[in-house]
Amino acid sequence: MSESDEDTPTLSADTLAALQMFYSEQSLQHQKAQVAYELGNVTNINIQEDWQLSQFWYTENTATRLAQEALAVARPDGRIACLSSPTAYKTIKSLCPEGCLVKCLEYDTRFSIYGDDFQFFDYKDPLNLPLEWKHSFDVVIVDPPFLSEECLCRMAVTAKFLTKDKIILCTGMVMEAMAEKLLGAKLCTFIPRHTNQLQNEFRCYTNYDAIHLNDT
Ligand SMILES: C[S@@+](CC[C@H](N)C(=O)[O-])C[C@H]1O[C@@H](n2cnc3c(N)ncnc32)[C@H](O)[C@@H]1O
């Protein structure tokens with residue numbers, strides 16, 4: 001064995017087998033999801049949370065309330081953008097009428113499984129989006145990955161670029177003043193919940209009077 005061979009790190013047969021199993025399982029999940037999408041059945045697509053990407057999925061009830069609200073304000077042939085809120089996308093897609101267009105703007109490319117509905121998006125480059133999308137969505141749902149002023153500022157730039165006027169923001173209670181300042185969005189009475197309990201208090205904010213996110 002040459003000196004360079006000795007320097008090359010190697011994996012044991014067991015580790016290699018475990019890795020292979022992991023990748024084939026991932027590939028199988030991907031193929032299943034692709035079939036589900038092609039059959040128009042997005043409800044069968046389940047992508048696991050990746051906490052490195054700050055992913056915390058809504059409960060079914062929360063996703064449904066957000067979907068009801070978005071569908072109430074968008075026309076039946078309306079356009080809805082889900083910005084860093086893939087669970088909302090999935091639920092809206094499963095409830096919306098045929099003529100309605102729903103886009104999933106996400107940093108996590110696993111969501112490219114949603115074909116033409118997927119748009120890669122990084123909040124650090126907030127306007128790197130198709131120009132023709134400017135002010136073209138009836139409503140934008142936005143759920144920033146981080147509870148920071150910098151992140152909300154950049155996501156607000158994107159949301160304002162995309163929307164005709166209406167924005168639904170889901171983020172921490174601590175961002176209330178920033179939500180008002182940046183988006184003119186006010187606290188709703190509905191409290192969004194996540195499948196895994198979060199440390200921070202979460203809330204919904206809208207820059208208009210939301211029907212399904214406020215008690216009457
Ligand atoms: C707090 S989660 C919101 C998910 C939402 N609760 C749901 O169930 O759909 C934040 C989202 O931001 C996405 N994200 C992570 N890094 C991002 C980045 N650099 N730019 C844009 N989105 C990002 C994550 O993939 C995740 O979907």
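Student: What makes this chain split into domain 1 and domain 2?

Tutor: The protein chain is assigned domain 1 (11–44) and domain 2 (56–206), and such bounds come from an automatic or database domain assignment. Between the domain centres, taken over C-alpha atoms, there are 28 Å. Before we go on, this is a predicted model, where local features need pLDDT of at least 70 and side-chain atom pairs count only at pLDDT 80 or more, while totals for chains, interfaces and linings use all residues. Residues are numbered from 1 along each chain as its sequence is written.

Student: How many residues of domain 1 are in contact with domain 2?

Tutor: Six residues of domain 1 are in contact with six of domain 2, and contact means that C-beta atoms, placed from the backbone, lie within 7 Å. On the domain 1 side, that makes three nonpolar, three polar and no charged residues. For those classes, Ala, Val, Leu, Ile, Met, Phe, Trp, Tyr, Cys and Pro count as nonpolar, Asp, Glu, Lys and Arg as charged, and the others, Gly among them, as polar.

Student: Why is strand 2 called mostly covered?

Tutor: Strand 2 (residues 101–106) has five of its six residues buried. A residue is buried if 20 or more other C-beta atoms, placed from the backbone, lie within 10 Å of its own, so five of the six pass that cut-off. Strands here are DSSP E runs of at least two residues, and helices are H or I runs of at least four, both numbered from the N terminus.

Student: How do you know that strand 1 and strand 2 pair?

Tutor: Pairing takes at least two DSSP bridges between two strands. Strand 1 (residues 79–83) and strand 2 run parallel with five bridges, so they qualify as a pair. As one example, Ala81 has Lys103 in strand 2 as its bridge partner.

Student: And what makes the β-α-β crossover right-handed?

Tutor: The chain goes from strand 1 through helix 4 to strand 2. With the strands pointing away from the viewer, a path from the first strand over the helix to the second that runs clockwise is called right-handed, and this crossover is right-handed.

Student: Which helix gives the largest share of the shell around the ligand?

Tutor: Helix 4 (residues 86–95), with three residues. Of the 20 residues around the ligand, Ser84, Thr87, Tyr107, Asp143 and Pro145 come nearest; a residue is near if its C-beta atom, placed from the backbone, lies within 6 Å.

Terms used. Two residues are in contact if their C-beta atoms, placed from the backbone, lie within 7 Å. A residue is buried if 20 or more other C-beta atoms lie within 10 Å of its own, exposed if 12 or fewer, and partly exposed in between; C-beta atoms are placed from the backbone.
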